[in-house]
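Open your viewer and get ready to click along.

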Amino acid sequence: MNLRNKDKLLDKGTLESKEKTYVVGGNMLGVQYVAVLVRGCTYLGDEKLVRPYEKFQTVRDAMGSVIAWPRSHVKIVKPTPLAQQQSIGW
């Protein structure tokens, strides 16, 4: 979900990890973040990453890559029977 407006969907992705020791961009997630694989972008794709790394500064930059996103701004969406991975909206 969008950091500035928690009610607006920023993107869709796949939850990669909730483990606090999982490393994204050289840093462990800790308890406040989850690892998300960015799969799509809405018109809010220019949202700045809370933990930019390498060439990734915005959500759009990170398409197809894993980023850290605040746990409080991730909503788990129940997968359909055809979905194999856990989908999220953030």
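Start by colouring the predicted model by pLDDT, the predictor's confidence in each residue, from 0 to 100. Select residues 87-89, strand β9: confidence in the protein chain is lowest here, at a mean of 57. Then jump to residues 23-24, strand β2, where confidence is highest, at 97. Where pLDDT is low, the predicted coordinates should not be read in detail. Across the protein chain the mean pLDDT is 81, and 74% of the residues reach 70 or more.

A word on ground rules: residues are numbered from 1 along each chain as its sequence is written, and side-chain values use heavy atoms, leaving out hydrogens and water. As this is a predicted model, local features need pLDDT of at least 70 and side-chain atom pairs count only at pLDDT 80 or more, while totals for chains, interfaces and linings use all residues.

Next, switch to the cartoon view. You will find nine strands and zero helices (DSSP runs, E of at least two residues for strands, H or I of at least four for helices, numbered from the N terminus).

Now look inside. Of the 90 residues, 41% are buried (under 20% relative accessible area, 1.4 Å probe, protein chains only). Select Val24, Leu29, Leu49, Ala62, Ile67 and Trp69: these have the most contacts inside the largest nonpolar core, which has 18 residues (buried Ala, Val, Leu, Ile, Met, Phe, Trp, Tyr and Cys joined through side-chain atoms within 4.5 Å).

Which residues touch Ala62? Beyond its neighbours within four places in sequence, Ala62 is in contact (heavy atoms within 4.5 Å) with Val38, Leu49, Phe56 and Ile67.

Definitions and conventions: Buried means under 20% relative accessible area, exposed over 50%, partly exposed in between (1.4 Å probe, protein chains only).
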